[in-house]
Amino acid sequence: MTKAPVVEAMLPSMLRMRSFFKGIGSVPFKPDAGPEESLVYKHYNAKEVVMGKTMEEWLRFSVCFWHTFRGTGADPFGFPTLERPWDDGSNSMANAKRRLRAGFEFFTKLGVKYWTFHDRDVAPEGDSLKQTAENLDVITDLALELQNKTGVKLLWATCNLFAHPRYMNGASTNPDAHVVAFAAAQVKKGLDVAKKLGAENFVFWGGREGFHSLLNSDVRSELDHMAAFFRMAIAYKKKIGFNGVFLIEPKPKEPSKHQYDYDAMTVIGFLRTYGLEKEIKLNIEPNHTTLAGHCYEHDVVMASAYQLLGSIDSNTGSPDLGWDTDQFPMDIKNCAMIMKVVLEQGGLAPGGLNFDCKVRRESTDLKDMFISHIGAMDSMAWGLKVAAKILQEGVLPRYVKERYSSFDSGIGQKIATGEATLEDCEKYIEENGEPPRLSGQQEHYENMLNYYI
């Protein structure tokens, strides 16, 4: 691969002094690259303008710290396979700092502007809440220094309220108030750190907010307690002046048999039930959407339809496997459908496309970390261009508009505006008789989409 020495020279001196990714420079844009060139962008050109904004503005790519720098390749059936030269496997502060420095070198060479993390990804837990907070302070001091030197920003932070044994029965929905209080204290610190690092959002992923059996679960109490937990977080957010957007990430199952944030509409129903819809939006992960039995873009579409789409964890899964595989999105059709929604709602900011993805446990080379992200970024950029062409030419949107045109006047307009009565509808049918059968033309729509792909 041809290096980009001019761009490389612009890397902060701190990162040039010690390279964790020797032999890999800043990833260049090379649209004429051949199929064997994987360390170049073939579609993602950060400054290319699409429908009035640059690709960088539309896509707002982010690298997640947990999979990319804490992932080991282990799975329920196998031991770790990924060995990283900066990671000695310890839970020490020195190791945490090395991981962070390696992370920022990676972000900078990849050319992304954002990163994301759980509190426990970046700093080890101590023997007490106080020591844990002190560890987090030290590491986030370094993170702030690295952010300032590289220009990489924090898209969002979140708290790991699911891994520790204390959370085996949930966090905000735990039947033990002592555990709920501990989780609240952890979120308090998480919000302090989010403000310190200028996070643009804060995510709540209810990893164990659900149940395995209804025999021992008071679901109404648990949901009431979860709403109270969010109200405490909202109050503290306002108290400290944190301006980031709160996001809930839906997921239907795993690790719980059933989770209370099952899918987008379940979360929207929860927010509206408890009067939280003006304070919290959704972070949608399509891999979770398919686990809920929906098509890939379903939850993105539904959240956006109610003006509650805040951000996207851009990944995919293998529906034939049936669990959360967190693969990089490489299907152009899926990417185009997601980006069509993003374009239609005018963008994701202050949210973005966070790669909540992990390399396969068999992809053990350091360059695989780059190749996977590059491929996904190119796929989303390609999808952006496809979606823009669909909207700019207007053929497919025109067909959808025409399909619902009966609601533009007459009885349809009265129904849509809430002015119609059942008697009005009865009179209309008496005068007009049986409605005609109008084809849904599904195959025609699919052919039109394929034309643009």
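This is a predicted model: local features need pLDDT of at least 70, side-chain atom pairs count only at pLDDT 80 or more; totals for chains, interfaces and linings use all residues.
Two strands pair if DSSP finds at least two bridges between them.

Strand β11 (residues 309-313) and strand β12 (residues 353-355) pair in the parallel sense, over two bridges. At the level of residues, aspartate 313 has asparagine 354 as its bridge partner in β12. In general, the strands of a sheet pair through backbone hydrogen bonds, either parallel or antiparallel.

Now widen the view. The strands β3-β4-β5-β6-β8-β10-β11-β12 form a closed barrel of eight strands, with parallel pairing. On average, neighbouring strands of this sheet are turned by 30° against each other, direction ignored. Helix α14 lies across β3 and β12. Relative to β12, α14 runs at about 155°.

Next comes the nonpolar interior. In soluble globular proteins, nonpolar side chains tend to be buried together. Here the largest nonpolar core holds 104 residues. Leu59, Leu100, Phe107, Leu110 and Trp115 touch the most other members. Helix α14 (residues 366-393) gives the largest share of this core, ten residues.

Neighbours within four places in sequence are left aside here. Phenylalanine 107 is then in contact with Val63, Phe65, Phe69, Val112, Trp115 and Val152.

Charged pairs come next. The structure holds 22 salt bridges. One of them joins the side chains of arginine 60 and glutamate 200, at 2.7 Å from N to O. This pair links distant parts of the chain, 140 residues apart. Arginine 60 sits in the loop between α3 (55-59) and β3 (61-64). Glutamate 200 sits in the loop between α8 (177-196) and β6 (201-204). Arginine 60 counts as buried because its relative accessibility is 12%, and buried means under 20%.

Glutamate 105 and lysine 109 meet through their side chains at 2.8 Å, N to O. Both lie in helix α5 (residues 93-110), four residues apart, about one turn of the helix. Both glutamate 105 and lysine 109 are buried.

Helix α7 (residues 129-150) holds glutamate 134 and lysine 130, also four residues apart, about one turn of the helix. Their side chains form a salt bridge at 2.5 Å, N to O. Glutamate 134 has 37% relative accessibility, so it counts as partly exposed. Lysine 130 has a relative accessible area of 57%, so it is exposed. The cut-off for exposed is over 50%.

Salt bridges also form a network. Asp119, Arg120, Glu125 and Arg166 are linked in this way.

Asparagine 174 is found in the loop between β5 (153-158) and α8. Asparagine 174 counts as buried because its relative accessibility is 5%. Tryptophan 323 is 149 residues from asparagine 174 in sequence. In space, the two are 24 Å apart, C-alpha to C-alpha.

How values were computed:
Residues are numbered from 1 along each chain as its sequence is written. Side-chain values use heavy atoms; hydrogens and water are left out. A salt bridge is a side-chain nitrogen of Lys or Arg within 4 Å of a carboxyl oxygen of Asp or Glu. Buried means under 20% relative accessible area, exposed over 50%, partly exposed in between (1.4 Å probe, protein chains only). A nonpolar core is a set of buried Ala, Val, Leu, Ile, Met, Phe, Trp, Tyr and Cys residues joined through side-chain atoms within 4.5 Å. Contact means heavy atoms within 4.5 Å. Axes are lines fitted to C-alpha atoms, for helices over the stretch in contact, and angles run from 0 to 180 degrees between N-to-C directions.
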